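Reader: I have a structure to look at and some questions about it. Could we go through them one at a time?

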Amino acid sequence: MKKIIITFIIFIFSISVFAFNLNTISGIQNSIQRWYKLTTGKNMSIDNIKCITNSIIISSKRFNISIPTIMGVIAVESSFIPTATNGVSVGLMQVQPNTLKFVRRYFHIPNGDLNNIKYSITIGTAYLSYLKSLNLTRQEMIEDYNGGPNKAHYYIMVENAISKMISWK
């Protein structure tokens, strides 16, 4: 049953890519604003939207991770709230301290503040890139990013977030 649901979500995602392009700056910015407003009831500052957008584009190119994947992870992890924390994980991509240490060493990235938009997206996307380098499927990569006991549910949440953002016009 899970495989059927996941296959359906991937199918919907594939069709939806043609409906709305998250690879345009305005598409990314509109999706960020809409998701943020949906979850917080507030508008995000234009400066934060631009910073998040630029950071996603740069990290996507640098680490060869798709823009929709990065946006889906951010939407599920932090709802685009730059200073989100759950007590252990920090920032837009909800990076844990051990993951931060590993990524910094592996990619030779200097120390920084995970509440910083650029830094959080860089570290989170670098970790996705590392997982991708292990020859994992896209689903396994996203599930392992979360690493929790509900990995399959997490993947479905990320795919749903991506599909929702792509479908907005």
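Reader: Which helix holds Ser-78?

Author: The model is a predicted one. In it, Ser-78 belongs to the helix that spans residues 67–78. That helix is α4.

Reader: Is Ser-78 buried or exposed?

Author: A residue counts as buried when its relative accessible area is under 20%. Ser-78 has a relative accessible area of 5%, so Ser-78 is buried.

Reader: Which backbone oxygen does the side chain of Ser-78 reach?

Author: Leaving out residues up to four places away in sequence, Ser-78 touches Ala-84, Gly-91 and Leu-92. For one of these, the side chain of Ser-78 comes to 2.7 Å from the backbone oxygen. The residue with that oxygen is Leu-92.

Reader: What share of the chain's residues counts as buried?

Author: The chain exposes about 8900 Å², and carbon and sulfur atoms supply 56% of that area. The chain has 169 residues. The share of them that counts as buried is 46%.

Reader: Which helix gives the most to the lining of the largest pocket?

Author: The largest pocket has a volume of about 210 Å³. Its lining has three nonpolar, seven polar and two charged residues. Among the lining residues are Asp-144, Tyr-145 and Asn-146. The helix that gives the most, with three residues, spans residues 138–146 and is α7.

Definitions and conventions: Residues numbered from 1 in each chain as written. Predicted model: local features only at pLDDT ≥ 70, side-chain atom pairs only at ≥ 80, totals over all residues. Heavy atoms only, no water. 1 Å grid on protein atoms, 1.4 Å probe; cavity = no way out; pocket = protein on both sides within 12 Å on 5 of 7 lines; lining within 4 Å. Points joined across faces, edges and corners; volume = space filled by probe spheres on them. Helix = DSSP H or I, 4+ residues; strand = E, 2+ residues; numbered from the N terminus. Nonpolar A, V, L, I, M, F, W, Y, C, P; charged D, E, K, R; others polar. Buried < 20%, exposed > 50% of the residue type's maximum accessible area, 1.4 Å probe, protein only. Areas by Shrake-Rupley, 256 points an atom, 1.4 Å probe, with all protein chains shown as cover. Polar contact = N/O pair within 3.5 Å; in protein donor to acceptor, adjacent residues only side chain to side chain. Contact = heavy atoms within 4.5 Å.
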